[in-house]
Amino acid sequence: MNSKLTQEEQDIIDYIESGNAQSIANFKDEKSRFATMAKAYASKKKAINIRLPESDIYILKQKSLESGLSYQNIIQSLVHQYTQGKIKANF
């Protein structure tokens, strides 16, 4: 695996590979319950207000027309990529 694991991820792998992990009796129910919780968490969105220079908004809207994506989706994607560490901000 080429990706770097967090300490928590490595601890989980170590625990499973140690042979101490045990399956639970109601695995299918629990899997379904956690899948539902994950889906609800991932789909929650919160509206925010931000102030941006008009020139940036104008250019963003132009680029959104070129790409076929809404400018709101572009902003959402950029924020998501930043929070996931996929892009860095240059200050």
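A: A pocket is an open set of points on a 1 Å grid over the protein atoms alone, where a 1.4 Å probe fits, with protein on both sides within 12 Å along at least five of seven lines; lining residues have an atom within 4 Å of a point. Its volume is the space filled by probe spheres set on the points, joined across faces, edges and corners. This is a predicted model, in which local features need pLDDT of at least 70 and side-chain atom pairs pLDDT 80 or more, while totals for chains, interfaces and linings use all residues. Residues are numbered from 1 along each chain as its sequence is written, and side-chain values use heavy atoms, without hydrogens or water.

The largest pocket holds about 960 Å³ of space. It is lined by 21 residues, and K46, I48, I75, Q76 and V79 are the closest to its centre. Two or more lining residues come from each of helix 2, helix 3 (54-67) and helix 4 (helices are DSSP runs of H or I, at least four residues, numbered from the N terminus). The largest share belongs to helix 4, which gives seven residues to the lining.

Helix 4 covers residues 71-83. Its end C-alpha atoms lie 18 Å apart, in agreement with the 18 Å that its 13 residues should span at 1.5 Å a residue (1.5 Å times one less than the number of residues). After helix 4 comes G85, with a positive phi near 75 degrees.

Helix 2 runs over residues 27-43. It carries the R33 and E30 side chains, which meet in a salt bridge at 2.9 Å, N to O (a side-chain nitrogen of Lys or Arg within 4 Å of a carboxyl oxygen of Asp or Glu). The structure holds one such bridge. R33 and E30 are separated by about one helical turn because they are three residues apart in helix 2. R33 has a relative accessible area of 40% and is therefore partly exposed (buried is under 20%, exposed over 50%, partly exposed in between; 1.4 Å probe, protein chains only).

Between helix 2 and helix 3 there is a loop that contains K45. K45 is exposed, because its relative accessible area is 62%. From K45 to Q72 the C-alpha distance is 13 Å, although 27 residues separate them along the chain.

Beyond these elements, I12 lies in helix 1, residues 7-17. Its relative accessibility of 45% makes I12 partly exposed. F91 sits in the segment after helix 4 and is exposed, with a relative accessible area of 94%. F91 and E17 are 43 Å apart, C-alpha to C-alpha, and 74 residues apart in sequence.
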